[in-house]
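Keep the sequence and the model side by side as you read.

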Amino acid sequence: MLVSAIVAVSENNVIGRDGHLPWRLSADLKRFKAITTGHSIVLGRKNYEDIGRPLPNRTNYVLSRNPSFEAPGCVVCNSLEAALQVAETAGESECFIIGGAVVYGEAMPLVKKMYVTRVLAQVPGDVFFPEWGEGWACVSQELVPADEKNEYETLFEIWERK
């Protein structure tokens, strides 16, 4: 099973502010939906609570250390390893890590492919994407201009671990 990460990140590495996404990017949300639909996604409890519901047409694995935490319509797991094992056992071909920062940080050693929306701006925030280290190659890049539905100019990138 391929473990991938999908993230929107600003030039100053911001991915969140006050528990939410710090921008309005319709094109990014459409891309996220197109890429992840039909697959498994792994997210942390805080990210799940911000979204407020399971994302449709995907198996949602929510990570929580609290054994009594419930997320109706989702599979709650107490570790990243457990979530990935259940997804692989279920026959998943590509499992997406969708955040937040702690989950990304824990998953990065396992991630082989990243779908990055690079927000071309310095954006204030309090949650940052972790360093992903060396050994990556950008294999695809597409510029998306800012407009009435996209607050910032962005680059859609795909990175693969060499």
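A nonpolar core here is a set of buried Ala, Val, Leu, Ile, Met, Phe, Trp, Tyr and Cys residues joined through side-chain atoms within 4.5 Å. Buried means under 20% relative accessible area, exposed means over 50%, and partly exposed is in between, with a 1.4 Å probe and protein chains only. This is a predicted model, where local features need pLDDT of at least 70 and side-chain atom pairs count only at pLDDT 80 or more, while totals for chains, interfaces and linings use all residues. Residues are numbered from 1 along each chain as its sequence is written, and side-chain values use heavy atoms, with hydrogens and water left out.

So, what sits in the middle? The largest nonpolar core has 25 residues, and V42, I97, V111, M114 and F129 touch the most other members. At least two residues of this core come from each of strand 1 (2-10), strand 4, helix 3 (80-89), strand 6, helix 4 (101-107) and strand 7. Helices (H or I, at least four residues) and strands (E, at least two) are DSSP runs, numbered from the N terminus. Another core, of 15 residues, lies apart from that one, and I6, I35, V62 and Y115 are among its members.

Now zoom in on M114. Setting aside neighbours within four places in sequence, its contacts (heavy atoms within 4.5 Å) are A5, M108, F129, W132, W136, E157, I158 and W159. Three of those names turn up again among the rings: W132, W136 and W159 are linked into a cluster by ring pairs.

Rings of Phe, Tyr and Trp (its six-membered ring) pair if their centres lie within 6.5 Å; planes under 30 degrees apart count as stacked, over 60 as edge-to-face and the rest as tilted. The count by this rule is 5 aromatic pairs. Take Y48 and F69: their ring centres are 6.2 Å apart and the planes sit at 90 degrees, so this pair is edge-to-face. Y48 is in helix 2 (residues 45-51) and F69 in the loop between strand 4 and strand 5, so the pair links distant parts of the chain, 21 residues apart. Y48 and F69 are both buried. F96 and Y115 make a tilted pair, at 5.6 Å centre to centre with 50 degrees between the planes. Since F96 belongs to strand 6 (residues 94-99) and Y115 to strand 7 (residues 113-119), this pair ties together parts 19 residues apart in sequence. F96 counts as buried because its relative accessibility is 0%, and Y115 does too, at 7%.

Next, look at helix 1 (26-36). Its buried residues are S26, A27, D28, R31, F32, I35 and T36. They pack against strand 1, strand 3 (40-44), strand 6, strand 7, strand 9 (136-144) and strand 10 (154-161). After the helix comes G38, with a positive phi near 90 degrees.

The peptide bond from G99 to G100 is cis, with omega near 0 degrees, and G100 lies in the loop between strand 6 and helix 4. N13 is not a glycine, yet its phi is positive, near 75 degrees; N13 sits in the loop between strand 1 and strand 2. D18, also not a glycine, has a positive phi of about 55 degrees and is exposed, with a relative accessible area of 59%.
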